[in-house]
Amino acid sequence: MPDEVLALVRCRVASEPFSLSAPEARWIEALGDHLLRFLRSQNRLYFESVEGRQPVWVSRCLDAGKPASLVSRARAARSRDTLPVIIRPDLIPTPTGFAICELDSVPGGFGLMAALSPHFAALGPRLLTHAPVPDAFAAALTALSDVASPRVAIVVSAESSDYRGEMSSLARALRGNGLSASCVAPGDLRFVDEGVCIFEHGRLRRIDVIYRFFELFDLPNIANIEPLLHAVDAGAVTITPPIKPHLEEKLWLALLHHPALKQWWWNDLGADTYASLIQAVPETWLLDPSATAFPTLTSTGRNLGSWDELAIATKAERHVVIKPSGFSEYAWGSRGVVIGHDKSRADWTLALNKALADFASTPWLLQAFKNGRRVSIRYHEHGAESVMEGRARLTPYYFIANGRATLASVMAMVCPLDKKKIHGMPQAVVAPCAVETD
């Protein structure tokens, strides 16, 4: 594997693809359409809540802690129906199937998969993909523009600089597909006659589509953000993911399970999608200090009568996770994740009380902990091959174009058994997923 590809990887690289059974592969292939319906329904429920046709507390929770200007921009009529072009769930393979623990609309990793996949494909197994990442990404970006071959800028902030290498690599791959694409920092943007431009080969080139690789909570720290948002508002450039913070909240998983919304989800998603998602998404609750109904701890079957009872629950009962919903520097990279049975009672109580106290500005979630099944994976390090036992997180990348979701890649991240948080770390092993042969 070329050095320029290995330079994109911040962990170990597997010796072979991560193997999935044919039924597992079919489940992941079908998931894209379910998640696209879910995304559309999220947007629809938000606006119906804003308009008073559905419970107003839904939009109030989703808007909590956001500046009024950002909320106003998210509700603009011209962008009401716009959606992100990438859907990436976090899947934990468990002994009984996949658990969908998170959804990410501004994901990293797909540039890495674009670089790694051709080398793994040469090993023989059929990778789980319906189109290469550069092809699917190019189709999704082109579908956003009225221009037949739009000029694209992938804008990576300083906060997201760890991903600049893979995004630059992906921009080169897009150019190889005939799409004019560059990876730039926000400070590289120039604004001429309300249009957005970059310098390229000594000339100013106008940008048609911007792929936003920065989080909305970080907007105050983004260079040129005000003229950029003005250009978006004026229709001078298209930006994706759209400026819609309500679509970047993890609390949608709690809303999916909320009993007051069950009939709405059933009607809007359809019976098949609703049943598929309810089965796959672990039970998730809003940590609302004013709640009058409380979870049942699935590890012991104990019915909680208050959040105070959760604070004094034993470790054996605390097979749950606390995480911030979104719009926070702690809401990505597992930074804010607290695993109940991994903490002392004092630390657990402190984390729970903070989550409850933050509700008005940063809602937090309580989610049932799903323990991944044990897997083994081979990898090369220091010139020798080793085998690691661990647990995996799978991240499929679905690209949205013309109303359809295309599965482009599935990344497996395998972490050592002693790690309860499964995410990118130096000890992890990364590989694209392949379908095992009979």
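Modeller: Two strands are said to pair if DSSP finds at least two bridges between them. The model under discussion is a predicted one.

On that definition, strands S8, S9 and S10 form an open sheet of three strands, in the order S8-S9-S10 and with antiparallel pairing. Strand S8 (190–192) and strand S10 (203–206) each have a single partner strand and stand at the edges, so one side of each is left without a neighbour in the sheet. On average, neighbouring strands of this sheet are turned by 45° against each other, direction ignored. Strand S9, residues 195–200, runs antiparallel to S10 and is joined to it by four bridges. Glutamate 200 has arginine 203 of S10 opposite it.

The pairing of S20 with S21 is likewise antiparallel, and it extends over 12 bridges. S20 covers residues 384–401 and S21 covers residues 404–416. Together the two strands form a hairpin, with two residues between them. Asparagine 402 lies in the turn and has a positive phi of about 55°, although asparagine 402 is not a glycine.

S21 itself is mostly covered, since 11 of its 13 residues are buried. S21 also pairs with strand S22, which spans residues 429–435; this pairing is antiparallel and has four bridges. Here alanine 412 stands opposite alanine 431 in S22.

Phenylalanine 327 is not a glycine either, yet its phi is positive, at about 50°. Phenylalanine 327 is placed in the loop between strand S16 (320–324) and strand S17 (338–339). Its relative accessibility is 21%, and phenylalanine 327 therefore counts as partly exposed; the limit for a buried residue is under 20%.

S20 also takes part in a pocket. Helix H2 (22–50), helix H8 (225–233), S12 and S20 each supply at least two residues to the lining of the second largest pocket. The space in this pocket amounts to about 710 Å³. The lining has 34 residues, of which Thr82, Leu144, Thr238, Ile239 and Pro242 are the closest to the pocket centre. By class, the lining residues are 19 nonpolar, eight polar and seven charged. Which element gives the most to this lining? That element is S12, with three residues.

The peptide bond that joins threonine 240 and proline 241 is cis, with omega about -5°.

Terms used. Residues are numbered from 1 along each chain as its sequence is written. This is a predicted model: local features need pLDDT of at least 70, side-chain atom pairs count only at pLDDT 80 or more; totals for chains, interfaces and linings use all residues. Side-chain values use heavy atoms; hydrogens and water are left out. Buried means under 20% relative accessible area, exposed over 50%, partly exposed in between (1.4 Å probe, protein chains only). Axes are lines fitted to C-alpha atoms, for helices over the stretch in contact, and angles run from 0 to 180 degrees between N-to-C directions. On a 1 Å grid over the protein atoms alone, a cavity is a set of points where a 1.4 Å probe fits but cannot get out, and a pocket is an open set with protein on both sides within 12 Å along at least five of seven lines; lining residues have an atom within 4 Å of a point. Grid points are joined across faces, edges and corners, and a volume is the space filled by probe spheres set on the points. Ala, Val, Leu, Ile, Met, Phe, Trp, Tyr, Cys and Pro count as nonpolar, Asp, Glu, Lys and Arg as charged, and the others, Gly among them, as polar.
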